Amino acid sequence: MSRSRFLLFLAAWLWSSQCVAADFGTRGGEEPANIDEVIDVLRQDPYDLELFISFGTSKGGSAGHLALGVRDGVVGDDLVYSANFYADRSKEHASGFYTENLMATVPKKEYLLRTESSLGGTASFGLDFGEMYKRSVIGIRVYGVPPGEKRALAAYFQRINDDYRARARNTEYHDGEVKYDYLRLNCAKTIGSAFRFGAGYSELEVTRPRLLAGRRVVAAMNANIPTEMALKLMHQWNARGYGLDVVLYRKYPSSTHVDPHEEDKVMFRDLPDRFPSVLSRDFRRDQGQYEDPENLFAMYLMYNLARYGVRIDEETRRLELSGPRTPLPYSEAERLAAEAAEFDSDKYGRKTDFTPRGTRIGEDAPSGDVRAPVPAR
């Protein structure tokens, strides 16, 4: 082939490659056209914080992920702080992974729905951004938080990043070098630490698991778990008189994206979408089989506080917003969730047929429930 023909071939190949768009809901692919419109509707409510609990993507021991959105952290949007799974200083993650910060920070729209990241090409799709294409997310919105508390949280996350870059050791929130560790300095611990040490939540329990003689099982039994940390924070917020409600961001069920970093090449659409378990017997159960009262309580409580649901319509590829529902006051939501969880767990244990008293978040509301969703907008 002559040089001129080769150059023409190369130009044509490059042009055709650029014309092939990525699939909807995959990295670099098309996004819902009405992201701004729907998020703007949600922002009409005057919440101050939004705690994001991401569902798990494995069958057993699926703890999920925890991140915190601070309102108005960027113009017209919230800023989400999320512990970076790859900031562990391991050789495997030394290149090709985003490791600049321990606490990654991105706008909420990007965290949930964008298919390209402001963090650059090494950010992890479905973890650092585009969460809804990989798994469902529960947003616990908090009302009445003083501005000073929001500033203190942001400053503490910056402190954690400063410590990470300086390779600081033995801080008030962590023993040893400040770097990500799935058990010892994970997403739940970083969020909890910001509230305890940054915002002054002195009564918030944040455990400090340590590795004893190399036995990670010891640390696992004392690790901070996302759903458990969320429940602790909800209790603290209620005690402070802050208002609470919940938004369920449902997983887009048809993403063909495959994470190139994962050993098992499974499309996002085929991954489990499992409510993140507390540390209980349910950790050993497969998808959709939670029966312990701790998990039932958490799911029932989130449902009782639900105001909105957000999903991506598979045909129109646009966001749909269901609601608003009327959430129960926290004290009533908590009481009813606890009673239903104890009753239902006992019935599950007896292996008898019965009608559950509680409704798990993400399930259809019972007929006649005043908190059932109105038609989507």
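Contact here means heavy atoms within 4.5 Å of each other. Keep that in mind for the exercises below. This is a predicted model, where local features need pLDDT of at least 70 and side-chain atom pairs count only at pLDDT 80 or more, while totals for chains, interfaces and linings use all residues. Residues are numbered from 1 along each chain as its sequence is written, and side-chain values use heavy atoms, with hydrogens and water left out.

**Exercise 1. Get an overview of the chain.**

Task: find how many helices and strands the protein chain has, and what percentage of its residues count as buried.

Solution. Start with the elements: the protein chain has nine helices and 10 strands. Helices (H or I, at least four residues) and strands (E, at least two) are DSSP runs, numbered from the N terminus. Next comes burial: of the 377 residues, 52% count as buried. Buried means under 20% relative accessible area, exposed means over 50%, and partly exposed is in between (1.4 Å probe, protein chains only). Last, look at the contacts between residues at least 6 apart in sequence: 66% of them join residues at least 24 apart.

**Exercise 2. Explore the nonpolar cores.**

Task: which residues touch the most other members of the largest nonpolar core?

Solution. First, the term: a nonpolar core is a set of buried Ala, Val, Leu, Ile, Met, Phe, Trp, Tyr and Cys residues joined through side-chain atoms within 4.5 Å. The largest one has 65 residues, and I138, I140, F195, M234 and W237 touch the most other members. Helix 8 (residues 293-304) gives this core its largest share, eight residues. There is also a second, separate core of 32 residues, with I35, V106, F268 and L271 among them.

Then zoom in on W237. Leaving aside neighbours within four places in sequence, W237 is in contact with L51, I140, V142, F195, Y201, Y242 and L244.

**Exercise 3. Compare two helix pairs.**

Task: how do helix 5 and helix 7 cross, and at what angle do helix 4 and helix 5 pack?

Solution. Begin with helix 5 (residues 187-198) and helix 7 (residues 226-239): their axes come within 9 Å and cross at roughly 20 degrees. Axes are lines fitted to C-alpha atoms, for helices over the stretch in contact, and angles run from 0 to 180 degrees between N-to-C directions. That angle makes helix 5 roughly parallel to helix 7. Angles under 35 degrees count as roughly parallel, over 145 as roughly antiparallel, 65 to 115 as roughly perpendicular and the rest as oblique.

Who meets whom? C187, A188, I191, G192 and F195 in helix 5 meet P226, M229, L233 and W237 in helix 7.

Go on to helix 4 (residues 147-165), which packs with helix 5 at an angle of about 120 degrees, their axes 9 Å apart. Helix 4 is therefore oblique to helix 5. In helix 4, E149, A152, L153, Y156, F157 and I160 meet T190, I191, S193, A194, F195, F197 and G198 in helix 5.

**Exercise 4. Check the backbone.**

Task: which residues does the cis peptide bond join, and what is phi of D72 and R317?

Solution. The cis peptide bond joins G323 and P324, with omega about 5 degrees. P324 lies in the loop between strand 10 (319-322) and helix 9 (330-350).

D72 is not a glycine, but it has a positive phi of about 65 degrees. D72 is found in strand 2 (residues 65-74) and counts as partly exposed, at 48% relative accessibility.

R317, also a residue other than glycine, has a positive phi near 60 degrees. R317 lies in the loop between strand 9 (306-312) and strand 10, and at 33% relative accessibility it counts as partly exposed.
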